[in-house]
Amino acid sequence: MQLFDAAATRDALPLDRLIAALREAFAADDITVPLRHVHEVAGAAAQPPAFTSLIMPAWQAGRAYGVKIVNIAPGNAARGLPGLHASYLLHDAATGVPIALLDGDQITARRTAAASALAASFLARDDASRLLVVGAGRVAGLLPAAYRCVRGIERVTVWARSAKAATALVDDLRADGFDAHAATDLPQAAGAADVVSCATLASAPVICGRWLRDGSHLDLIGSFTPAMREADDDCFRGSRLFVDTDEALVKSGELLGPIARGVISAADVQATLADLCRGTQRGRQSTTERTVFKSVGSALEDLVAAMLVAGA
C-alpha cells in the first residue's frame with residue numbers, strides 16, 4: 001500500500017488538472033456515491049460534541065473504491081488548530097486490496113476549491129475579474145488559484161473574522177503573485193466583487209444579499225450541516241440557484257432554512273454540477289443575473305482526486 005503525505009498529495013493535484021478531471025467525472029456519471037454517514041462524536045460529559053465526523057464512500061466499478069473520514073471541529077480555532085482533518089483510503093474495486101493511504105486534508109481542500117472553480121466556469125460572468133474570499137482557512141487559501149484557472153482574476157480581497165488571519169492569507173497570496181488586499185468593510189467588499197466565495201464554518205449569515213451586485217456569482221462552501229449557514233435569505237431572492245449534488249437540499253442549513261421559511265423551494269434549483277458538466281442544463285444566461293452555487297462536497301470528488309494521486 002502506497003502512503004502519500006500532505007506534500008506528496010498536494011504536488012500530485014495541480015488545480016487545473018483536478019478541475020479537468022472533475023469535469024470529466026461529473027459528465028461521465030459512472031461513479032457510485034452512497035449517502036454519507038454523519039456522526040456527532042461526543043466530547044466531555046455535559047459538553048457539546050467534540051466534532052462532527054463524516055464517512056464518505058465512493059467507487060468506480062472495476063477500478064477503484066475509496067472512503068474518506070473527515071472530522072470537523074469548530075472549537076479547534078481556539079486551540080490554534082485547523083478545524084478540519086481527514087484521511088483517505090483507496091482500494092482496488094475488483095479485489096478490495098488497499099492501494100493507498102492519502103492525506104485527506106489536501107484532498108478535501110483541493111477538490112473543494114476545484115469544484116467551486118468548475119461551477120464558476122458555468123456560472124460566473126466571462127469577464128469576472130474581482131474575487132472576494134470570505135474566510136482565511138485552508139480552502140479559502142486555494143480559491144484564488146482555482147478561480148484563476150477558469151476566469152481572469154485580477155484582484156483578490158480577503159475578509160475573515162480574524163483580521164490577523166486575513167492579513168496572513170493576503171501576504172501568502174501576494175507571495176504567489178496575486179494582487180491581494182485585506183477587507184475591513186465586508187459590505188463594501190461584497191458589493192465590489194464579481195465573485196464572492198465563502199469558505200467558513202459559520203452558523204449565522206456572514207453575507208447579505210443586499211450587498212451583492214447584479215451579475216455577481218456567490219459561491220457557498222461552508223454549510224454542510226443543518227446548523228450551519230453563510231448567506232441570508234436575500235442572497236437567494238432574485239437569484240438562480242445551483243447545487244453540487246441533490247444532497248445539498250437535505251444536508252445544508254443554507255438551503256433547509258430558506259426552504260422552511262418559503263423563500264425558495266427545491267424546484268428553484270436550476271441544475272446540479274453533473275447537469276452542467278453534461279450540458280443537459282444551462283448555467284449563466286445573462287450578464288446581469290445573480291447566480292448562487294451551494295456545495296456540500298461529494299465523495300465523487302474525493303475519489304477522483306485520490307485516483308489522480310495514486311495513478312489508479
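Guide: Two strands are said to pair if DSSP finds at least two bridges between them; helices (H or I, at least four residues) and strands (E, at least two) are DSSP runs numbered from the N terminus. The model is predicted, so local features need pLDDT of at least 70 and side-chain atom pairs count only at pLDDT 80 or more, whereas totals for chains, interfaces and linings use all residues. Residues are numbered from 1 along each chain as its sequence is written, and side-chain values use heavy atoms, with hydrogens and water left out.

Visitor: Which residue in strand 6 is the bridge partner of Ile72?

Guide: Strand 5 and strand 6 (residues 84-92) run antiparallel and are joined by nine bridges. Within strand 6, Ile72 has as its bridge partner Leu84.

Visitor: Which residue takes a positive phi in the hairpin of strand 4 and strand 5?

Guide: These two strands pair in the antiparallel sense over nine bridges. Ser53, for instance, has Asn71 of strand 5 as its bridge partner. The hairpin has three residues between the strands, and the residue with a positive phi near 75 degrees is Gly62.

Visitor: Which are the edge strands that pair on one side only?

Guide: An open sheet is formed by eight strands in the order 10-9-8-11-12-15-13-14, with parallel pairing. The edge strands, each of which pairs on one side only, are strand 10 (179-182) and strand 14 (269-272).

Visitor: What is the bridge partner of Val133 in strand 9?

Guide: Strand 8 (residues 130-134) runs parallel to strand 9 (residues 155-159), and five bridges join them. The partner of Val133 in strand 9 is Val158.

Visitor: Is Val139 buried or exposed?

Guide: Val139 is found in helix 4 and touches Ala109, Thr112, Ala199 and Ile221, residues up to four places away in sequence not being counted. Its C-alpha lies 7.1 Å from that of Arg110, 29 residues away in sequence. The classes are buried (under 20% relative accessible area), exposed (over 50%) and partly exposed in between, with a 1.4 Å probe and protein chains only. Because its relative accessible area is 17%, Val139 is buried.

Visitor: What distance separates the C-alpha atoms of Arg284 and Phe122?

Guide: Arg284 lies in the loop between helix 9 and strand 15 and is buried, because its relative accessible area is 14%. Beyond its neighbours within four places in sequence, Arg284 is in contact with residues including Phe122, Arg125, His217, Arg240 and Glu289. Arg284 and Phe122 are 162 residues apart along the chain, yet the separation of their C-alpha atoms is 6.3 Å.

Visitor: Why does Glu301 count as buried?

Guide: Glu301 lies in helix 10 (residues 299-310). Its contacts, neighbours within four places in sequence left aside, are Leu22, Phe26, Arg111, Ala115 and Asp244. Glu301 counts as buried because its relative accessibility is 1%.

Visitor: What relative accessible area does Asp29 have?

Guide: Asp29 is found in the loop between helix 2 and strand 2 (31-32). Although not a glycine, Asp29 has a positive phi of about 60 degrees. Asp29 is exposed because its relative accessible area is 53%.

Visitor: What volume does the largest pocket have?

Guide: On a 1 Å grid over the protein atoms alone, a pocket is an open set of points where a 1.4 Å probe fits, with protein on both sides within 12 Å along at least five of seven lines; lining residues have an atom within 4 Å of a point. Grid points are joined across faces, edges and corners, and a volume is the space filled by probe spheres set on the points. For the largest pocket, the volume is about 1,100 Å³.

Visitor: Which element gives the most to the lining of the largest pocket?

Guide: Of the 44 lining residues, the closest to the centre of the largest pocket are Gly137, Arg138, Ala199, Thr200 and Leu201. Strand 4 (51-60), strand 5 (64-72), helix 3 (104-123) and helix 4 (138-148) each give two or more residues. With six residues, the element that gives the most is helix 3.

Key:
Contact = heavy atoms within 4.5 Å.
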